[in-house]
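User: Can you walk me through this model? I'd like the strands to begin with, then any cavities.

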Amino acid sequence: MKDYGLLLVNLGSPAEPTTPAVKNYLRQFLGDHNVVEMPPALWKPLLNGIILPMRSWRSATFYRDCWLKNGSPLIVNTKKLTAKVQQMLPEWSVKMAMTYGKPSISDTLRQMKQECKYIIVLSLFPHFTKSTTQSIIEQVQAVDPTLPIIDRFADDPRYLTVLSKHIQEVWDNGNYDMLIISYHGIPVSMVKHGDPYQDETERTTIELKKRLTIPKNQIEMAYQSKFGPMPWLKPYLKNRLLQLVQLGKRNILIVAPSFVTDCLETIEENSVQNYQAFRENGGNTLDVVSSLNDDSHFAEFIADLAKEQLN
């Protein structure tokens, strides 16, 4: 038996890029009360009757476009990160789990409790928001309410240094007019109900501006991945890209810090859909900084965060 275990938790993915598999995944994801705050009596008929039938096949085509030989990009990249952290914590048991889909948080934790004396859970979402992090907390606590959870890390100077160096390297190798720091959006209603996400993302932008050797007037922040008719945090990334083209900013670099592993949102949404819209409206270059994935410095940071929980 190991003395220590570390569980890294990411969002999840369909089991395969087919309409039925995507439908099952979206039913679990969009059925989460932390993701959609509408009363279930109103939301479930809408979800099952309209959204799942319309959205599942369309999302399946997007997943097929970015699916890797070994599976979903998010799963493949999380596995690589988990393996890298395991190398840095050879005396530990390091595993991964997903909030939705497999491997599940509950099954993985129960297995780890048979193998480890002390377990730490780390959310792979740098910023806290109810729509992602809270669901991790609830699933962990359903297994064992005493387990420590690292529920955010975006304010940590070490993470900011790793991220800023990662961005700077790409910027220095290109010729860009603007850097857009794009975060996954959330509904405005969540912020009004006290969600700290917007404040945390704005702090990250401020700190990155301090660390990057890029003129501050060439750095903006935006939010992406809006879903549904309700207002989400603005500016919306796609709209802002098209505005910047009209202003003569035709060479743009995007970084998406919300995603520590490349996934549908970074590969398909930004590198394909937003790229196509940008080019069709007169843009020239739209590059996307890869997520940190299994970057050695990022993995070392994750390992250090876990070890610090023992002090």
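Analyst: Strand S1 (residues 2-12) and S2 run parallel, joined by seven bridges. Strands here are DSSP E runs of at least two residues, and helices are H or I runs of at least four, numbered from the N terminus. Two strands pair if DSSP finds at least two bridges between them. This is a predicted model: local features need pLDDT of at least 70, side-chain atom pairs count only at pLDDT 80 or more, and totals for chains, interfaces and linings use all residues. Residues are numbered from 1 along each chain as its sequence is written, and side-chain values use heavy atoms, with hydrogens and water left out.

User: Which residue in S2 is the bridge partner of Leu-6?

Analyst: Val-94.

User: What order do the strands take in that open sheet?

Analyst: S2-S1-S3-S4, four strands with parallel pairing.

User: Switching to S7. Is it buried or exposed?

Analyst: Mostly covered: five of the five residues in strand S7 (residues 251-255) are buried. Buried means under 20% relative accessible area, with exposed over 50% and partly exposed in between (1.4 Å probe, protein chains only).

User: Which residues sit on each side of S7?

Analyst: Asn-251, Leu-253 and Val-255 lie on one side, Ile-252 and Ile-254 on the other. Both faces are covered. In a regular strand, side chains alternate between the two faces of the sheet.

User: And which strands pair with S7?

Analyst: Strand S5 (residues 178-184) pairs with S7 in the parallel sense over four bridges. There, Ile-181 has Val-255 as its bridge partner. Strand S8 (residues 285-288) also runs parallel to S7, joined by four bridges. Leu-253 stands opposite Asp-287 in S8.

User: Which helix makes a β-α-β unit with S7 and S8?

Analyst: Helix H10 (residues 264-280), and the unit is right-handed. That means the path from the first strand over the helix to the second runs clockwise, with the strands pointing away from the viewer.

User: OK, cavities. How many of 30 Å³ or more?

Analyst: One, from a search of the whole structure. A cavity is a set of points on a 1 Å grid over the protein atoms alone where a 1.4 Å probe fits but cannot get out; lining residues have an atom within 4 Å of a point.

User: What volume does the largest cavity have?

Analyst: About 80 Å³. Of its 14 lining residues, the closest to the centre are Ala-256, Pro-257, Phe-259, Ser-291 and Leu-292. Volume is the space filled by probe spheres set on the points, which are joined across faces, edges and corners.

User: Which helix gives the most to the lining?

Analyst: Helix H6 (residues 157-172), with three residues.

Conventions:
On a 1 Å grid over the protein atoms alone, a cavity is a set of points where a 1.4 Å probe fits but cannot get out, and a pocket is an open set with protein on both sides within 12 Å along at least five of seven lines; lining residues have an atom within 4 Å of a point.
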